[in-house]
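The points after the display are grouped by topic.

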Protein chains: 2
Amino acid sequence: MNKKAPIPLDIASNRADETYLRLKDELFNFYLLPGDYFSENEIAARMEVSRTPVREALFRLQREGYVRVMPRVGWQVRPLDFDKFDQLYEIRILLEESSLQRLVRKENISNIKMLMTTWCCLPDERESDAKAVWLQDEQFHAGLVEAGGNAEMSRIHQDVMERLRIIRRLDFTKAQRVNATYEEHAAILEQIQRGRISEAQRLLRSHIEASRLEVHKITLSMLYEARLEKNRAY
Amino acid sequence: MNKKAPIPLDIASNRADETYLRLKDELFNFYLLPGDYFSENEIAARMEVSRTPVREALFRLQREGYVRVMPRVGWQVRPLDFDKFDQLYEIRILLEESSLQRLVRKENISNIKMLMTTWCCLPDERESDAKAVWLQDEQFHAGLVEAGGNAEMSRIHQDVMERLRIIRRLDFTKAQRVNATYEEHAAILEQIQRGRISEAQRLLRSHIEASRLEVHKITLSMLYEARLEKNRAY
DNA sequence: TGATGAGCTCTTGTATACCAGACGGAGCAC
DNA sequence: GTGCTCCGTCTGGTATACAAGAGCTCATCA
């Protein structure tokens, strides 16, 4: 745990934010492995900042469920809990389905039309880069909730998606998954535009469920490889 | 903003927690009024602790939506936003209704029976103290969600309830409201036990809506009085 | 040999010193 | 009188010093 500090990333107005982003990056890339123990001083030294911004970043990550502090003992990366992820997926479905329900009342479908320009396109116009697809996918699901018009629900949905990010970002690494996503998103949007909300909800639910199962598998294999990698280093 | 420090409260293992609880108490009692500006040094001096635990407490309150920081300028108590509260109420209803749905599948009704011992009682056995009723009411709604068996949903529900606490705690100050609560809770539980979930959901929704409207009214008048009080002090 | 306790070293928790930036007011130019 | 500029004095952001508890090591003693 005493290698050189990795790259900074994203825009950050202060060191606390920067440290937060860098730590999260390390968590997501399994440089910090679930179950690992570490101290504030270690992080501070590696990131070349003082403990103050490190503590602020860690408290944020603790709230988001990634790490936990044991008073006067140290910090631990929380182990991945797939039961928890399943529960979060259920909430996701609930929020997105409910937003579709609200949609038909408010006829707030300008968002929907914008989403269609991204997803209802010819196969050879599709994005193929995994990260780009992932970002568009995030926008799709966030867009559905936003179209529901409840800002607090959007906030909570974003929070849930954030907690799922560590495993969800592994989706879209296979071309087959990318194509399936395009087709399923297009089908959902089409049903919405036709006003067939129940059918859209049904499709949405099975779309999310399929993604959940896929991501579960990929995560386990990635984690296994990361552990191998780390062991090789010693 | 330079009066003597008020009472400490609740159990707190460290000064950051204690400061957090005391600040929240001041927010809830409108000692810190929505819209007020203040600095970390002011709070630190009043609470007789250093800025470190004050900052930690303020960041927690910021996450919860009560205050906000303007970098290198100062802190502000966020004004009450009733649109936001309405949105949170909608989410509450969604979560609690959805938990009832799950209840019938899992047949996890041991929680429900426990709730019935509190709420399905004779009128002269009812609690009348406002704070006690409020606590029981919190347990009732949290209990419904917990019975759904999704721990993450419980966490989010608790978070939503926490954000509503500043206005919800003002309910139950009228005997009439307490009686209505008892009757409505009992009716909901009865429908659940009979397995009539849809009817229970309908009752639950209108129960929460009624409470929302009541609380809205009470909050506005309390806020008005708090402002008068504060002006008299100068 | 095993239990025990002193003490050392690590941790987080807290206080404090210092920094850069924002803001407001005094004073000057017009 | 009006507007501009400079400077002092606030602010939160950060680094660092210090306090106190947890846990481990190792020596000591039964």
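**Briefing on the predicted model**

A:V67 stands opposite A:V77, a residue of β3(A). The model is predicted, and the strand pair that holds this example belongs to an antiparallel pairing of β2(A) with strand β3 (residues 74–77) of chain A over four bridges.

**Elements of chain A**

- Chain A contains nine helices and three strands.
- Read from the N terminus, the order of the elements in chain A is α-β-α-α-β-β-α-α-α-α-α-α.
- Taken along the principal axes, the box filled by the C-alpha atoms of chain A is roughly 55 × 35 × 30 Å.

**The sheets**

- In chain A, three strands make up an open sheet with antiparallel pairing, and their order is β1-β3-β2.
- At the edges of this sheet are β1 (37–38) and β2 (67–70) of chain A, each of which pairs on one side only.
- In chain B, three strands likewise form an open, antiparallel sheet in the order β1-β3-β2.
- Its edge strands are β1 (37–38) and β2 (67–70) of chain B, each pairing on one side only.
- Four bridges join β2(B) to strand β3 (residues 74–77) of chain B in the antiparallel sense.
- In chain B, the bridge partner of B:R68 is B:Q76, which lies in β3(B).

**Two domains within chain A**

- The division of chain A gives domain 1 (15–79) and domain 2 (82–224).
- Between the C-alpha centres of domain 1 of chain A and domain 2 of chain A the distance is 29 Å.
- Where the two meet, eleven residues of domain 1 of chain A are in contact with nine residues of domain 2 of chain A.
- About 950 Å² is buried between domain 1 of chain A and domain 2 of chain A, with 56% of it on carbon and sulfur atoms.
- Of the area that domain 1 of chain A buries against domain 2 of chain A, 55% is supplied by A:F28, A:F30 and A:Y66, more than by any other three residues.
- The interface of domain 1 of chain A and domain 2 of chain A holds two salt bridges and six residue pairs in polar contact.
- Helix α1 (residues 15–28) of chain A contributes three residues to the side of domain 1 of chain A that touches domain 2 of chain A, which is the most from any element.
- A salt bridge also joins the side chains of A:D159 and A:R63, at 3.3 Å from N to O.

**The contact between chain B and chain A**

- Chain B is superposed on chain A by a rotation of 180° with 0.0 Å of shift along its axis, at an RMSD of 0.1 Å.
- This is the relation of a two-fold axis.
- Both copies use the same surface, since 100% of the contact residues of chain B recur in chain A.
- The contact draws on 22 residues from chain B and 22 residues from chain A.
- Chain B and chain A bury about 1900 Å² between them, and 58% of this area is on carbon and sulfur atoms.
- B:R63, B:L94 and B:E152 account for 26% of the area that chain B buries against chain A, more than any other three residues.
- Between chain B and chain A there are four salt bridges, and the count of residue pairs in polar contact is eight.
- A:R102 and B:E90 meet through their side chains in a salt bridge, with 2.3 Å from N to O.
- On the side of chain B that touches chain A, the elements giving two or more residues are α3 (51–63), α4 (82–106) and α7 (151–168) of chain B.
- With nine residues, α4(B) gives the most to that side of chain B.

**Salt bridges in the whole structure**

- Over all chains, a search of the whole structure finds 49 salt bridges.
- A:E96 and A:R92 form a salt bridge in which the closest N and O atoms are 3.1 Å apart.
- Both A:E96 and A:R92 lie in helix α4 (residues 82–106) of chain A, and their spacing of four residues is about one turn of the helix.

Conventions: Residues are numbered from 1 along each chain as its sequence is written. Chains are lettered from A and ligands numbered from 1 in the order in which they are written. This is a predicted model: local features need pLDDT of at least 70, side-chain atom pairs count only at pLDDT 80 or more; totals for chains, interfaces and linings use all residues. Side-chain values use heavy atoms; hydrogens and water are left out. Two strands pair if DSSP finds at least two bridges between them. Copies are superposed by least squares on the C-alpha atoms of residues with pLDDT of at least 70 in both. Contact means heavy atoms within 4.5 Å. Domain bounds come from an automatic or database domain assignment. Buried area is the accessible area (1.4 Å probe) that two parts lose on being put together, summed over both. A polar contact is a pair of N or O atoms within 3.5 Å; within protein, one must be able to donate a hydrogen and the other to accept it, and residues adjacent in sequence count only if both atoms are side-chain atoms.
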